[in-house]
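This report describes selected features of a predicted model. The sequence and structure are shown first, followed by the description.

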Amino acid sequence: MTTASAAPPRLLRPATADDVEAIARLWHAGWQEVHRGHVPEALARERGLADLRRRVAEDLGAIHVVPSEDGPAGFVTVHGDEVEQLYVAPDWIGQGVGSRLVALEKERRQGGLDLYCFQVKGRTRAFYEDFL
């Protein structure tokens, strides 16, 4: 596993079929951490790894990743002007990965981005407020 002291990855690239499993696992862990206990249990069960794996595979053209030696340090999914998913691996939080993903998408869309998120608190909320 990459340590927080490692240099942040420099590249941004479109996701590929080789990334599906790692993206799905990152999304699953992050989604469960943020949403479990705040959404109906049936929805939490529905958002299982198999469901997210399928969704990632169907959406590859809309996903960009920041690669690292151990798989994606983070990823963003954008449709039109809306950021639909944005997750950063725990070891990379606070190292600019999420900011770089959002900046990339802002550059690609001259009209700006729409960003909606589940009501959150702490560092995640502060991250999103920086982009208002």
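**Arg54 and its setting**

Arg54 has a relative accessible area of 41% and is therefore partly exposed. In this predicted model, Arg54 belongs to helix H3, which spans residues 49-58. Glu21 and Arg54 are separated by 33 residues in sequence, and their C-alpha atoms lie 9.6 Å apart in space.

In soluble globular proteins, nonpolar side chains tend to be buried together. The largest nonpolar core here comprises 28 residues, and Ile23, Trp27, Val56, Ile63 and Phe75 have the most contacts inside it. Two or more residues of this core come from each of helix H1 (20-35), H3, strand E2 (63-68), E3, E4 and H4. H1 contributes the most, with six residues.

Val56 illustrates these contacts. With its neighbours within four places in sequence set aside, Val56 is in contact with Val20, Ile23, Ala24, Trp27 and Ile63.

**Strand pairing and the crossover**

Strands E3 (residues 71-79) and E4 (residues 82-88) run antiparallel and are joined by six bridges. Within this pair, His79 stands opposite Glu82 in E4. The two strands form a hairpin with two residues between them, and Gly80 in the turn has a positive phi of about 60°.

E4 also pairs with strand E5 (residues 114-115), in the parallel sense and over two bridges. Here Val83 stands opposite Leu115 in E5. Together with helix H4 (residues 97-108), E4 and E5 make a right-handed β-α-β unit.

Methods:
Residues are numbered from 1 along each chain as its sequence is written. This is a predicted model: local features need pLDDT of at least 70, side-chain atom pairs count only at pLDDT 80 or more; totals for chains, interfaces and linings use all residues. Side-chain values use heavy atoms; hydrogens and water are left out. Helices (H or I, at least four residues) and strands (E, at least two) are DSSP runs, numbered from the N terminus. Buried means under 20% relative accessible area, exposed over 50%, partly exposed in between (1.4 Å probe, protein chains only). Two strands pair if DSSP finds at least two bridges between them. A crossover is right-handed if, with the strands pointing away from the viewer, the path from the first strand over the helix to the second runs clockwise. A nonpolar core is a set of buried Ala, Val, Leu, Ile, Met, Phe, Trp, Tyr and Cys residues joined through side-chain atoms within 4.5 Å. Contact means heavy atoms within 4.5 Å.
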